[in-house]
Amino acid sequence: MEIYVPDMYKKSIYVIDYNKLKESGIKCLLFDLDNTLVPYSVKKPTKKVKDLFKSLQEQGFKVIIFSNSGKKRLQPFKEELAVDVCPRAFKPSTKKFISIMKELKYNESEVAIIGDQMLTDIIGGNRVGITTILTHPITKKDMIFTYINRHREKKIIKKLSKAGLFYKGKYYD
């Protein structure tokens with residue numbers, strides 16, 4: 001069951017203590033896109049996302065949008081945020097996680113994944129041994145496949161709660 005448990009759980013990307021991540025040795029931040037940065041219906045980054053990403057880059061983080069969405073969906077974010085993107089990451093598969101770490105010469109202790117889904121972002125990150133940060137989804141509206149995952153996730157959270165491993169809404173570092 002620990003494969004589902006994130007290292008951190010936060011209400012949103014805006015309340016994460018990025019200084020603490022930097023101090024712990026994190027150099028690269030992999031951000032999920034849909035329902036982590038913006039609702040899936042939003043086609044471009046908001047000013048708030050732009051400001052956050054600019055600040056993170058100024059702090060020296062390598063920022064990458066790491067999404068199961070396609071290249072066309074990610075392109076406006078790549079251009080407006082001036083970041084790299086990894087489309088079709090096929091999370092929770094470990095292949096693209098490992099590929100990025102090799103290409104950029106980061107080890108597991110230097111990378112964090114930030115996303116809103118246990119079944120993709122957290123499992124994938126935990127499988128490769130990087131820091132995993134779960135955020136609350138921005139909206140309740142999801143694509144159909146994500147909606148199915150959310151249903152499965154609810155059952156998993158119930159089991160995790162019974163085991164004392166994770167409680168929905170009880171945020172932690």
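A residue counts as buried when its relative accessible area is under 20%, and by this criterion both Y18 and F61 are buried in this predicted model.

**Aromatic pairs**

The structure holds six aromatic pairs, and two of them are set out here, since a pair of aromatic rings is described by the distance of the centres and the angle of the planes.

| Pair | Centre to centre | Angle between planes | Class |
|---|---|---|---|
| Y9 and F166 | 4.7 Å | 45 degrees | tilted |
| Y18 and F61 | 6.4 Å | 70 degrees | edge-to-face |

The pair of Y9 and F166 links distant parts of the chain, with Y9 in strand 1 (residues 8–10) and F166 in the segment after helix 6 (144–162), 157 residues apart. Y9 counts as buried because its relative accessibility is 3%, which is under 20%, and F166, with a relative accessible area of 1%, is buried as well. Ring pairs also join Y9 and F166 with Y171 and Y172 into a cluster.

**Charges over rings**

The ring of F61, besides pairing with Y18, has the charged end of K22 sitting over it, 4.9 Å from the ring centre. A further contact of this kind involves K48, whose charged end sits over the ring of Y14 at 4.3 Å from its centre.

Conventions. Residues numbered from 1 in each chain as written. Predicted model: local features only at pLDDT ≥ 70, side-chain atom pairs only at ≥ 80, totals over all residues. Heavy atoms only, no water. Phe/Tyr/Trp six-rings, centres within 6.5 Å; stacked < 30°, edge-to-face > 60°. Helix = DSSP H or I, 4+ residues; strand = E, 2+ residues; numbered from the N terminus. Buried < 20%, exposed > 50% of the residue type's maximum accessible area, 1.4 Å probe, protein only. Lys NZ or Arg CZ within 6 Å of the ring centre and 35° of its normal.
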